[in-house]
Amino acid sequence: MGSSVEQNILVTGGAGFIGTHTVVQLLKEGFKVSIIDNLDNSVIEAVDRVRELVGPDLSKKLEFNLGDLRNKGDIEKVFSKQRFDAVIHFAGLKAVGESVGNPRRYFDNNLVGTINLYETMAKYNCKMMVFSSSATVYGQPEKIPCVEDFELKAMNPYGRTKLFLEEIARDIHVAEPEWRIVLLRYFNPVGAHESGRIGEDPKGIPNNLMPYIQQVAVGRLPELNVYGHDYPTDDGSAVRDYIHVMDLADGHIAALRKLFADPEIGCTAYNLGTGRGTSVLEMVAAFEKASGKKIPIKLCPRRSGDATAVYASTERAEKELGWKAKYGVDEMCRDQWNWANNNPWGYQKKL
Ligand code: NAD
Ligand code: WQD
């Protein structure tokens with residue numbers, strides 16, 4: 001189902017985890033794509049593998065620009081070459097712990113970068129944006145499932161950048177109603193492309209659960225620390241809404257189509273999750289089943305700032321975007337393992 005008129009999309013942060021998977025789907029759906037990325041948390045090899053996955057013909061419709069959103073000149077260079085119908089804005093720093101220790105880096109990168117992007121978009125009259133928000137804007141929710149109109153709260157500087165950027169988007173739309181902005185609140189993105197050629201490749205010791213489990217499975221780390229075993233949940237470990245990155249990628253296509261089709265969209269937030277909660281221990285068991293590997297665990301105290309249980313209400317995305325997650329935890333673990341097993345050291349060629 002390609003688009004009839006070839007639409008041209010700028011993807012910021014397109015070399016990263018969610019970006020690469022989304023770019024593959026965009027190209028397959030008939031969009032033209034330009035990436036801007038400073039490779040701060042990614043490698044050019046990931047973009048080469050996207051090209052390999054889509055083949056030589058679709059590859060011609062993909063352009064990579066090395067650039068930093070903190071430099072307006074870098075964004076300007078890309079916009080001055082061609083017209084964009086919309087921007088998907090992934091570029092940002094995302095490590096919660098690092099943001100606590102170095103908030104200025106997060107405010108500079110995520111806020112200044114995004115403001116530069118909006119200014120350049122306005123200058124070139126490109127006023128459609130899909131923005132990567134996060135379930136982090138729900139803080140520690142008092143009720144679950146999380147519904148889009150819940151009160152929002154940030155728990156750390158990273159979360160504050162997402163909260164501020166949501167508010168900035170709403171203010172821009174109030175001041176200039178012709179802007180159409182979709183805020184996608186991702187829950188916990190995991191898994192990888194089914195080919196095993198692209199996937200998440202964090203630098204250093206992973207902060208998030210699935211990349212950590214993956215590194216234990218391939219022998220890079222000795223055991224998984226399970227943070228919290230006394231939560232008021234069925235097995236005592238915390239519950240999250242894990243979502244397959246390919247479902248997330250398709251959610252971006254649905255959001256783009258909505259932007260193009262609906263002049264009344266304004267600035268609207270959508271949860272992208274499965275609507276189902278899975279505990280840390282259930283995730284470990286599912287990964288062991290998918291990989292055939294034993295994951296040694298150590299039960300540890302709770303991690304500070306963590307919520308007991310977070311999962312999405314998916315009603316709005318289903319109704320308004322016509323999007324629903326297809327994959328469950330078994331497919332997430334299968335594809336995560338396929339990526340890990342074929343690329344135990346990520347995109348690096350050797351140790
Ligand atoms: P990622 O780090 O893999 O990708 C982000 C990309 O942006 C990287 O390639 C990085 O080099 C690039 N980048 C960062 N700052 C830049 C700048 N100033 N200029 C140009 N490029 C820059 O992260 P991801 O997991 O793909 O996340 C994408 C987006 O989704 C982020 O905004 C993140 O906050 C958000 N998000 C991620 C998760 C998650 O768990 N992965 C959950 C919710 C929201
Ligand atoms: C999941 C569960 C941990 C690691 C984070 C960000 C959020 C969003 C998604 C960007 C928790 C437990 C983890 C480990 C463990 N990112 N865990 N051992 O915290 O739900 O969300 O990523 O927007 O903003 O906060 O995800 O994968 O870190 O943790 O037991 O080594 O796994 O305590 O219960 P989280 P996570």
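By class, the residues around the largest cavity of this predicted model divide into three nonpolar, four polar and three charged, where Ala, Val, Leu, Ile, Met, Phe, Trp, Tyr, Cys and Pro count as nonpolar, Asp, Glu, Lys and Arg as charged, and the others, Gly among them, as polar. The lining is made up of Glu-200, Asp-201, Pro-202, Pro-211, Gln-214, Gln-215, Arg-220, Asn-343, Pro-344 and Gly-346. A cavity here is a set of points, on a 1 Å grid over the protein atoms alone, where a 1.4 Å probe fits but cannot get out, and lining residues have an atom within 4 Å of a point. The volume is about 40 Å³, and a search of the whole structure finds one cavity of 30 Å³ or more.

On conventions, residues are numbered from 1 along each chain as its sequence is written, and chains are lettered from A and ligands numbered from 1 in the order in which they are written. Local features need pLDDT of at least 70, side-chain atom pairs count only at pLDDT 80 or more, while totals for chains, interfaces and linings use all residues, and side-chain values use heavy atoms, with hydrogens and water left out.

Let me turn to helix packing. The axes of helix H3 (residues 72-81) and helix H5 (residues 103-123) come within 10 Å and cross at roughly 35°, the axes being lines fitted to C-alpha atoms over the stretch in contact, with angles from 0 to 180 degrees between N-to-C directions; helices are DSSP runs (H or I, at least four residues), and strands (E) have at least two. On the H3 side, Lys-72, Ile-75, Glu-76 and Phe-79 take part, and they meet H5 residues including Gly-113, Asn-116 and Leu-117, contact meaning heavy atoms within 4.5 Å. The residues of this contact comprise four nonpolar, three polar and four charged.

Of the structure's eight aromatic pairs, one joins Tyr-118 and Trp-179 edge-to-face, at 5.4 Å centre to centre and 75° between the planes; rings of Phe, Tyr and Trp (its six-membered ring) pair if their centres lie within 6.5 Å, with planes under 30 degrees apart counted as stacked, over 60 as edge-to-face and the rest as tilted. Tyr-118 in H5 and Trp-179, in the loop between helix H6 (157-175) and strand E6 (180-186), are 61 residues apart.

Finally, the backbone: a cis peptide bond joins Ile-144 and Pro-145.

Notes
On a 1 Å grid over the protein atoms alone, a cavity is a set of points where a 1.4 Å probe fits but cannot get out, and a pocket is an open set with protein on both sides within 12 Å along at least five of seven lines; lining residues have an atom within 4 Å of a point. Grid points are joined across faces, edges and corners, and a volume is the space filled by probe spheres set on the points.
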